Amino acid sequence: MERHAAEAALSYIRDYMTIGLGSGKAIECLIEFIAMKNIPGLKICTNSMATAIKAKQRDLDVVPTWMVDHLDFTFDCLNFADKDLSGSKTDPMMLVENKLIASMADRFIVFVNKSDFGSVITDSLPVQVEVVKPAFSYASRKLADMGALVHAAKTDSSEPYISSCGNYILYADFKDVKSVKELNDAICEIPGVIETSLFTGLKTTALVYSAEGVETFEG
């Protein structure tokens, strides 16, 4: 199913574009299709080492994020997308980088399984929250005050999970979420919060795939 979504995404890509690529099965398929099409002048920017390696193995031109100030499109896989195309991606190491590469693009094109699209969240929404070290306990309490079940992701050494930017990661499970955007805004207002795993407010296209095919939703 992801291959059909990746094939649909390929139609957006033109000669001499610079595009962003996230991570996931559909991204792997998209890399394969891009290499087969041999698109002149295409440059790829990615925050994922695995994606960069796969692209380089296909002889694609990969440029580092710090050298790029604009992307034509960014493609990524989301774990969930609401009907307003707000969504989430579980990738606790790369919260800042994921949001950066999405925001750099004129349009954010996401791959979403149909079973994870368009439903109102009534049970639980897991959100990863990146915070600076001094705010670790305070942000934990504020998230709990918002009704979340909060815990720190642990490594084998029992230390909090550290992001690729050197900040701490908190896991917050929210119930009965009515608006992903309102939730994200409220979390980001907490002093010390750097970023969340929620995507809102971007010009987004969702490629929603299932066994029946691919549907496109514009936001």
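Is Asp59 buried or exposed? In this predicted model, Asp59 counts as exposed because its relative accessibility is 70%. Asp59 sits in the loop between H3 and strand S3 (61-63). Its backbone stands out as well. Asp59 has a positive phi of about 60°, although it is not a glycine. Most residues other than glycine have a negative phi.

Asp176 has a positive phi of about 55° and is not a glycine either. Asp176 is placed in the loop between strand S10 (168-174) and helix H6 (180-188). Its relative accessibility is 48%, so Asp176 counts as partly exposed.

Gly41 is also a loop residue, found between H2 and strand S2 (43-46). Gly41 counts as partly exposed because its relative accessibility is 36%. Leaving out residues up to four places away in sequence, Gly41 touches Tyr16 and Met17. Asp61 lies 20 residues from Gly41 along the chain, yet 8.4 Å separates their C-alpha atoms.

Helix packing was examined next. Two packed helices are described by the angle between their axes and the distance between the axes. Helix H1 covers residues 2-10, and helix H2 covers residues 25-37. Their axes come within 8 Å and cross at roughly 50°. That angle makes H1 oblique to H2. The crossing of H1 past H2 is right-handed. On the H1 side, the contact is made by Glu2, Arg3, Ala6, Glu7, Ala9 and Leu10. On the H2 side, the residues in contact include Cys29, Leu30, Phe33 and Ile34.

H2 also packs with helix H3 (residues 49-57). Here the axes come within 10 Å and cross at roughly 20°. Angles under 35 degrees count as roughly parallel, and H2 and H3 are therefore roughly parallel to each other. H2 passes H3 in a right-handed crossing. Ile27, Glu28 and Ile31 of H2 meet Thr51, Lys54 and Ala55 of H3.

Glu130 belongs to strand S8 (residues 125-131). Glu130 is buried, yet has no salt bridge. What is the nearest side chain of opposite charge to Glu130? That side chain is Lys99, 9.4 Å away. A salt bridge would need a nitrogen of Lys or Arg within 4 Å of a carboxyl oxygen. Setting aside neighbours within four places in sequence, Glu130 is in contact with several residues, among them Leu95, Val96, Ser163, Cys165 and Tyr168. Further contacts of Glu130 include Gly192, Val193, Ile194 and Glu195.

How values were computed: Residues are numbered from 1 along each chain as its sequence is written. This is a predicted model: local features need pLDDT of at least 70, side-chain atom pairs count only at pLDDT 80 or more; totals for chains, interfaces and linings use all residues. Side-chain values use heavy atoms; hydrogens and water are left out. Helices (H or I, at least four residues) and strands (E, at least two) are DSSP runs, numbered from the N terminus. Buried means under 20% relative accessible area, exposed over 50%, partly exposed in between (1.4 Å probe, protein chains only). Lys and Arg count as positive and Asp and Glu as negative; His and the chain ends are not counted. Contact means heavy atoms within 4.5 Å. Axes are lines fitted to C-alpha atoms, for helices over the stretch in contact, and angles run from 0 to 180 degrees between N-to-C directions. Angles under 35 degrees count as roughly parallel, over 145 as roughly antiparallel, 65 to 115 as roughly perpendicular and the rest as oblique. A crossing is left-handed if the near helix is turned anticlockwise from the far one by less than a right angle, and right-handed if clockwise.
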